[in-house]
Amino acid sequence: MAASSAGGFTTPFLSIKLRNLHGDVSFLRLHCQSFDISAAAGNKNCRRFLSGVGDGVDEFKGGERIRRICCCCSSDAVILQKRRGEKREEWPRFDPKKSSAIARRVRSQALPSLPFASPPVRFRSKPRCSPRTSGPQSRDTPPKRDTGIANEKDWGIDLVNENINEAGVSEDGSIWHRESGEELGENGYRCRWTRMGGQSQDGSSEWKETWWEKSDWTGYKELGVEKSGRNAEGDSWWETWQEMLHQDEWSNIARIERSAQKQAKSGSENAGWYEKWWEKYDAKGWTEKGAHKYGRLNEQSWWEKWGEHYDGRGSVSKWTDKWAETELGTKWGDKWEEKFFSGIGSRQGETWHVSPSGERWSRTWGEEHFGNGSKVHKYGKSTTGESWDIVVDEGTYYEAEPHYGWADVVGDSTQLLSIQPQERPPGVYPNPPLPPPIDDLSSSS
């Protein structure tokens with residue numbers, strides 16, 4: 001997502017983030033760490049803005065925007081670079097020990113967390129019986145966080161062409177089962193599916209997985225997977241992924257939609273996370289993307305939502321909203337949005353914090369871009385009395401097209417597109433879609 005700059009200085013924060021899993025780690029741990037970065041020396045010509053999604057601080061010196069990025073490894077390492085549209089994954093958090101330092105102009109940098117240790121569960125797939133009845137590969141790996149929607153090639157969906165129903169016992173005593181089938185319905189509906197799973201000898205850990213492939217006479221095609229599992233430590237997880245191809249009922253334009261949901265929960269702590277991602281594309285360049293996320297570590301919880309929309313004709317809108325809270329009553333958040341077309345547009349946002357006593361601090365900011373490529377109107381204010389309203393010489397940067405669009409998703413959906421529906425019998429046509437509802441005009445005055 002394109003970065004956006006927000007106005008002013010911010011309060012101290014504490015950062016929490018769940019890092020993606022590595023290969024042999026069966027779950028993840030949350031790790032908290034915070035540190036402060038002092039504000040720049042008092043330069044009256046330098047005005048700082050909080051970036052809603054960037055990894056640092058936008059500064060303005062002599063009418064030029066630069067980015068100050070704080071390195072996690074060394075507080076002395078500072079990099080100045082031109083502003084770009086990099087995406088921010090770090091999540092600011094408030095440090096209760098420093099809540100009295102609101103007046104201090106400091107800034108924090110998020111630090112990625114470490115996974116919480118949990119011995120990986122391994123199911124040996126080599127059975128005692130012949131290779132003909134060998135069990136499926138181990139599926140005991142939890143989903144990874146903040147990875148978006150995987151491509152179909154990463155899921156390895158391999159549906160068999162015959163009905164099977166088999167089970168076995170591996171050398172370590174774990175059991176496995178696998179079955180497949182096919183369902184038929186109206187309008188040429190066809191669903192091919194495969195289910196499989198396994199369980200350790202003592203029953204303390206298990207995994208399940210279902211693959212499916214759907215189609216009908218209208219041209220609808222779908223691929224999907226659902227996975228779940230738990231290990232001996234009580235960690236549990238669930239995820240589902242699907243992609244579909246269909247033709248819009250009214251415009252007759254081809255569309256591809258992809259979505260994913262993931263969640264994981266710790267068995268030893270009050271910790272876990274949930275994600276929902278979606279992407280929609282059509283053949284004329286219309287694109288919509290978004291995500292909802294939630295996480296918790298004991299007494300702290302946080303949320304994140306973001307969205308992008310491209311109309312295929314140059315208009316784009318993006319937004320992000322993040323907030324968090326503790327059981328003590330401390331709350332904080334950051335949000336921004338932008339809308340552009342042909343270089344003309346606006347950005348606006350807010351950073352806010354509420355203390356356990358109910359005291360609220362906030363800073364709002366905005367930008368107006370006129371399309372001439374050289375002038376930007378910036379304005380903002382905060383509850384501490386600061387304010388600004390200036391016009392600066394600055395270029396306008398925004399992304400008018402998605403970095404991953406229709407051509408990309410078609411190229412990555414070869415298995416979806418290769419689904420072969422049943423042949424339509426002569427003289428048989430799909431049921432036509434119902435017309436949209438019409439308002440009852442007799443009830444209006």
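**Charged pairs, strands and cores**

Mentor: Let us start with arginine 347 and glutamate 338, whose side chains meet in a salt bridge at 2.6 Å, N to O; a salt bridge here is a side-chain nitrogen of Lys or Arg within 4 Å of a carboxyl oxygen of Asp or Glu. Keep in mind that this is a predicted model, in which local features need pLDDT of at least 70 and side-chain atom pairs count only at pLDDT 80 or more, while totals for chains, interfaces and linings use all residues. Residues are numbered from 1 along each chain as its sequence is written, and side-chain values use heavy atoms, with hydrogens and water left out.

Trainee: Are arginine 347 and glutamate 338 buried or exposed?

Mentor: Arginine 347 and glutamate 338 are both buried, where buried means under 20% relative accessible area, exposed means over 50%, and partly exposed lies in between, with a 1.4 Å probe and protein chains only.

Trainee: And what does lysine 378 meet in a salt bridge?

Mentor: The side chain of lysine 378 meets that of glutamate 394 at 3.7 Å, N to O. This pair links distant parts of the chain, with lysine 378 in strand 24 (residues 375-382) and glutamate 394 in the loop between strand 25 (387-393) and helix 2 (406-411), 16 residues apart. Helices (H or I, at least four residues) and strands (E, at least two) are DSSP runs, numbered from the N terminus. Lysine 378 and glutamate 394 are both buried.

Trainee: Which residues do shared partners join into one network?

Mentor: Salt bridges that share partners connect Glu338, Arg347, Glu367, Lys378 and Glu394 in one network.

Trainee: How many salt bridges does the structure hold?

Mentor: The structure holds 20 salt bridges. One of them brings together the side chains of glutamate 206 and arginine 230, at 3.1 Å, N to O.

Trainee: Changing topic, why is strand 17 described as largely enclosed?

Mentor: Nine of the 12 residues of strand 17 (residues 271-282) are buried, so the rest of the structure largely encloses it.

Trainee: Which strands pair with strand 17?

Mentor: Strand 16 (residues 254-265) pairs with strand 17 in the antiparallel sense over 11 bridges, and strand 17 also pairs with strand 18 (residues 287-297) in the antiparallel sense over 11 bridges; two strands pair if DSSP finds at least two bridges between them.

Trainee: What about the turns?

Mentor: Strands 16 and 17 form a hairpin with five residues between them. The hairpin of strand 17 and strand 18 has four residues between the strands, and there glycine 285 takes a positive phi near 100 degrees.

Trainee: What does glutamate 279 touch?

Mentor: Glutamate 279 is found in strand 17 and is buried, with a relative accessible area of 13%. Not counting residues up to four places away in sequence, glutamate 279 touches Ile149, Ile256, Glu257, Arg258, Glu288 and Lys289, where contact means heavy atoms within 4.5 Å.

Trainee: How many residues are in the largest nonpolar core?

Mentor: The largest nonpolar core has 21 residues, and those with the most contacts inside it are Ile157, Trp211, Leu223, Val225 and Trp241. Such a core is a set of buried Ala, Val, Leu, Ile, Met, Phe, Trp, Tyr and Cys residues joined through side-chain atoms within 4.5 Å. Strand 13, strand 14, strand 15 (236-247), strand 16 and strand 17 are the elements that give two or more residues to this core. A second, separate core of five residues includes Ala271, Trp302, Ala324 and Trp332.

Trainee: And what does the secondary structure of the protein come to?

Mentor: The secondary structure comes to three helices and 25 strands, and 47% of the 445 residues count as buried.
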